[in-house]
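Keep the viewer open as you read.

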Amino acid sequence: MKMDRGIFGKWITKGIKMKKSISKKLLLLVFTASSFIAHAQVTSGGSKQNWEKFSIEYDTVVVEETLSSSYPSTSKTYVRLGFVNYSGSIGESHKWFPELALLGDENYGLGMESGYELALGGYTNFTSINNGLHPAIDLSSIYEVGFQWCALAEAQEPGPFTGPGAVNSIEGGTFLQAHYGFGIMATIKPAYLTDKIIPALKDLYFDIGLRPDLTLYGHTPMNQRFVDPLNGNEYEITIDEGVGVGLNLNIMFGLRWKFIGIRYDVSNVLSTLAAPEPYYDGNYFTNETLYESGKFSIMLFF
């Protein structure tokens, strides 16, 4: 009897085919996975070896450096050329002896021309004090040594001879003075008045200060000339004097930019410690004192 596979036979046949197909796919999957794993192992191993061969290790090094943010020093040495005006003259007013004239007496005074002054000085910052001040202000000590000279004005004054043809004149003589001073100076730096520094003003400074000076002064010999109008006799006498010692106070106002500057000093006589006594022919007269007013100066800093 021949058995017809029918539906069941077809299912069985189909199942066998599906089983073979699944087996093939599983086998292919196993080979593929094995190949992938093997490849991955080889690649991983190779990459690791190459990384170790060509790798560079970096060490981070931190360097700390402390930078000073100090402000520029205003300490400087300077040379000063001054032009001096005098409020008086050498001597004290005396009718018969014009060489003693002082204080600009227009009738009897012997005047002084404008003079000159050459000085060397310097500013030295008070660093410890300035550290506690605003950056725009510096305090400094100031010292100065200087020398003055000027011509004594020639004068024709009343004297022992009067009338037409009488001559009473003073000729020659040079005023000399040396001084040494020490004081205090305040320097204002406009560039640092605000938190933001103004570059255009960094080298511009204003100076205000006080400086007492010890002075030595006197004049070189002068000639006094008389002509008697009655007989025409001429007399000439040389006038000498000693050296005076004084104490002056200078109030200073200055402006400087880089290595150049200008300054104006107002000078006041505090005391005449010793006054010279001009004399001739064995006669001594009233002591001489000196009065000077303003000094305008051109300055070089280094």
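Predicted model: local features only at pLDDT ≥ 70, side-chain atom pairs only at ≥ 80, totals over all residues.

Two residues are said to be in contact when heavy atoms of theirs lie within 4.5 Å. Leaving out residues up to four places away in sequence, P135 touches Y71, K189 and Y192. You will find P135 in the loop between α2 (127-130) and β3. Its C-alpha atom is separated by 9.5 Å from that of D195, a residue 60 places away along the chain. Is P135 buried or exposed, or something in between? At 25% relative accessibility, P135 counts as partly exposed, because that class covers values between 20% and 50%.

Now move on to D138, which lies in strand β3 (residues 137-151). D138 has a relative accessibility of 7% and therefore counts as buried, the cut-off being under 20%. Which residues does D138 contact, once neighbours within four places in sequence are set aside? They are P72, T74, N125, N130, M185, A186, T187 and K189. With K189 there is also a polar contact of 3.3 Å between the side chains.

Next, let's step back to the whole chain. The protein has 2 helices and 14 strands, and of its 302 residues, 33% count as buried. Among contacts between residues at least 6 apart in sequence, 73% join residues at least 24 apart. The accessible surface comes to about 19100 Å², with 62% of that belonging to carbon and sulfur atoms.

What does β10 pair with? One partner is strand β7 (residues 204-219), which runs antiparallel to β10 and is joined to it by 14 bridges; in this pairing, L204 stands opposite W257 of β10. Another is strand β11 (residues 260-274), also antiparallel to β10, with 13 bridges between the two. There, I251 stands opposite V266 in β11. The hairpin of β10 and β11 has 2 residues between the strands, and K258 takes a positive phi near 55° in that hairpin.

Definitions and conventions
Residues numbered from 1 in each chain as written. Heavy atoms only, no water. Helix = DSSP H or I, 4+ residues; strand = E, 2+ residues; numbered from the N terminus. Buried < 20%, exposed > 50% of the residue type's maximum accessible area, 1.4 Å probe, protein only. Areas by Shrake-Rupley, 256 points an atom, 1.4 Å probe, with all protein chains shown as cover. Pairing = 2+ DSSP bridges. Polar contact = N/O pair within 3.5 Å; in protein donor to acceptor, adjacent residues only side chain to side chain.
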